[in-house]
Amino acid sequence: MRALCWEGKRNVRVENVPDPKILNSRDAIVRITSTAICGSDLHLYNGFVPSMEKGDILGHEFMGEVVEVGRAVKNLAVGDRVVVPFPIACGSCAMCSRDLFSLCENSNPNSWMASKLWGHSPAGIFGYSHLTGGYAGGQAEYARVPFADVGPLKVPESMPDDQALFLSDIFPTGYMGAEMCDISAGDVIAVWGAGPVGQFAIASAKLLGAERVIAIDRFPYRLRMAMERAGATDIINYEETSVLETLNELTGGRGPDACIDAVGMEAHGHAAMNAYDRAKQALMLETDRPLALREAVLACRNGGTVSVIGVYGGFIDKFPMGSVMNRSLTIKTGQCHVQRYMKPLLERIQKGEIDPSFVITHRMQLDEAPEGYDIFLNKRDGCEKVVLKT
Amino acid sequence: MTTATQDTRAGDASFAGKPLGNSGRDAGWARERETGHRSGRGDGERLARALGLFSIGLGLAQVLTPRGVTRAVGLEDDEGNRKTMLAIGLREMATGVGLLTRQHPTTFAWGRVAGDVMDLAVLGRAFRSDRTDKNRVGAATAAVLGVMVLDVIAGQKLSHSGNGVGAERRRQGGIKVKKSITINQPPEKAYSLWRNFENLPRFMAHLESVRVMDDRRSYWKAKAPLGATVEWTAEITEDLPNDLIEWRSTEDADVPNSGRVRFVPAPGGRGTEVHVELEYDPPGGVIGATIAKLFGEEPSQQVDGDLRRFKQVLEVGEVVHSDASVHRGLHPARPSAETPPLAPRYDGAPS
Ligand SMILES: NC(=O)c1ccc[n+]([C@@H]2O[C@H](COP(=O)([O-])OP(=O)(O)OC[C@H]3O[C@@H](n4cnc5c(N)ncnc54)[C@H](O)[C@@H]3O)[C@@H](O)[C@H]2O)c1
Ligand SMILES: [Zn+2]
Ligand SMILES: [Zn+2]
């Protein structure tokens, strides 16, 4: 089959690789019809996630048709159309039984490796380094899906790929980011990052009843999408105005009730702090650049919540812990427990409350994936989200 | 591409009650051993490798642009400081290469810590000199301290995997390993999977086979470092159903050993805590154990991997594989050209 392989920093290639096979009795093989490039893939692409091997197949947002099932899979049949959640979860361990699927205790065969870096291991993830299992990803013609009796969700015939695809990751992720804010009437939510994840965090905060949602980014086309399509009430271009001052202005000096970091470890910034973080990251003295996170902490109102859905991999410096502690902030975070959200969000799509396809700006063929990575990385050509068709 | 089929490949057999130790040694079983072997050997290596890359990156910058780095960290750009930078850069690269080639990761990891101390000394000297930019030196010092934390972690991990928290050397030269895991199943299930010793090679990477001789004695074959095999007869010294099993090797053992596993109900309905303690006297005593460790046969890591697979078998019915983990050694996360055998299922597990 054809598959997009990581061959080193900023070097991905579509290659011919062997077809996947059933390795465990609860596996299914899916013929992929649509697959997307995620901001998380950019962290791998840019070489910021350790434990990548040359030849790893990338991709964790995919859907398609079941072409083979293992003998223990009873709920799926060949021909079913499914969307696949990015965390791999067994459904029966202590974490899975608490709906904490991205912390499944049985799906990461390399848990020892993750335990070394992080203390304990989270779940395995498709196409996302060897720290999270060494699973082949879904930017390919076919994928092996472990625990196919737990993760994949059948998609109604009438729903096009473009509407269902993002149930694999970014819609649930944005939704979880908003849910972690415990939104109540009158709440103001600020969202750092108007990438696809930020867009869904904004849209979800609105769905969950936020009074105002403020989008923060530097790309005018992304801020425009946040306002016109996702439902942001205000936008801040951090290259033009001071984020902290503007947020205070917009909230009568209180600060937002909750702040969502939808940027992650490769935040961009201006002036000294950015140079500091970039230098340290380049010299490998700090693994992550936490500019948006620091700002989100400082901006948040007293006693508020900082919801971190942007991905961090290792260590950060100059984290304003004093602000968190002295102002009783709550930090909530996690790789999304996608399995928890797929059904309810599918229903919201069916009811017409949201059409997730609004983020798609580029549809390309799998063979054009390397170009897709480049466009998405450099935010060229008004790029918000790239979907690859096979 | 594959079409609609039910998988009926060789090795797709339930293993409960299936005899082992002969041609019944199916490929799925062998694969688990390889997987486990890999985990056993790889402990700490990835972290060491990542640090290796960090080291080379930093070292290269120092060697190629000693002047740039000298200025970047706020030192006065004179001949002496540039030479110092060059030396530090070469040292960084040497440890980086050492970590990457994995000749002796523990030593190299601690070498990095030593290197960090040296950097701090240089920066400390700069800090006291009044010709330097204090802010920059301060930032560089903080940076080195940051990476030093990583180095210490890697050094500790690599050392601990053989003789630290998980496994400690005893005075007589024996090795003691202690590990525990919580399994979301009642003690009865965990006890009975373990008590049927012939099941153990399914998830214990280094066991080749166990043959039960009678209700107290069993015959064990295990892989030893450097391709050797060790064999022994074990006798149960204590057996409290659903609670505890204790055993020790009889006189004929190549490697005298003993072990104990306790099944303790976890609080609040969290299932069962499985606590394992193993002791053995490796040939050559501590020196033998150290050599074994250099070849990646680290007891504490082995037991950890074994327990994780034990948990998988009990909680999901089989040992879980990824595209990379079915292979021995490093393999990219992509399907294999061969058709690996299917993981066998344990029928006592929930479906
Ligand atoms: N928690 C999860 O389960 C999960 C799932 C998917 C993605 N993610 C993470 O979410 C993050 C965003 O993903 P994406 O696909 O939207 O990526 P993206 O690169 O398209 O979006 C990131 C956006 O952040 C903006 N940004 C950069 N620096 C900023 C700053 N200092 N302040 C405000 N905005 C800033 C960028 O301009 C960009 O628009 C990534 O870190 C990704 O790994 C997390
Ligand atoms: Zn994603
Ligand atoms: Zn689980």
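1. A:I349 is a residue of helix α12 of chain A, in what is a predicted model. With a relative accessibility of 6%, A:I349 counts as buried, because the cut-off for that class is under 20% relative accessible area. Setting aside neighbours within four places in sequence, the contacts of A:I349 are with A:M159, A:Q163, A:L167, A:F171, A:I354 and A:P356.

2. How do the axes of helix α5 and helix α12 of chain A cross? The axes of α5 (residues 170-179) and α12 (residues 338-350) come within 9 Å and cross at roughly 100°, and the two helices are therefore roughly perpendicular to each other, since angles of 65 to 115 degrees fall in that class. On the side of α5(A) the contact is made by A:F171, A:P172, A:Y175, A:M176 and A:E179, and on the side of α12(A) by A:V338, A:R340, A:Y341, A:L345, A:R348 and A:I349. Sorted by class, this contact of α5(A) with α12(A) holds eight nonpolar and three charged residues, with no polar ones.

3. Which protein atoms are the donors of the zinc ion (ligand 2)? They are SG of A:C38, NE2 of A:H60, OE of A:E61 and OD of A:D169, lying 1.8 to 2.3 Å from the ion. The angles among these four donor atoms run from 87 to 135°, and the site is classed as irregular. Along the sequence, the donor residues follow the spacing C-x21-H-E-x107-D.

4. A:S129, which is not a glycine, has a positive phi near 75°, and its place is in the loop between β8 (124-125) and β9 (142-145) of chain A. With a relative accessible area of 5%, A:S129 is buried.

5. In chain B, B:N242 likewise has a positive phi, of about 65°, although it is not a glycine. B:N242 is located in the loop between β5 (229-240) and β6 (244-249) of chain B. Is B:N242 buried or partly exposed? Its relative accessibility is 31%, so B:N242 counts as partly exposed.

Note on methods:
Residues are numbered from 1 along each chain as its sequence is written. Chains are lettered from A and ligands numbered from 1 in the order in which they are written. This is a predicted model: local features need pLDDT of at least 70, side-chain atom pairs count only at pLDDT 80 or more; totals for chains, interfaces and linings use all residues. Side-chain values use heavy atoms; hydrogens and water are left out. Axes are lines fitted to C-alpha atoms, for helices over the stretch in contact, and angles run from 0 to 180 degrees between N-to-C directions. Helices (H or I, at least four residues) and strands (E, at least two) are DSSP runs, numbered from the N terminus. Angles under 35 degrees count as roughly parallel, over 145 as roughly antiparallel, 65 to 115 as roughly perpendicular and the rest as oblique. Contact means heavy atoms within 4.5 Å. Ala, Val, Leu, Ile, Met, Phe, Trp, Tyr, Cys and Pro count as nonpolar, Asp, Glu, Lys and Arg as charged, and the others, Gly among them, as polar. Donors are N, O and S atoms within 2.8 Å of the metal (3.2 Å for Na, K and Ca); water is not among the atoms, so sites may look incomplete. Four donors count as tetrahedral if all angles lie between 85 and 135 degrees; four count as square planar and six as octahedral if opposite donors are over 155 degrees apart and all others between 65 and 115; anything else is irregular. Buried means under 20% relative accessible area, exposed over 50%, partly exposed in between (1.4 Å probe, protein chains only).
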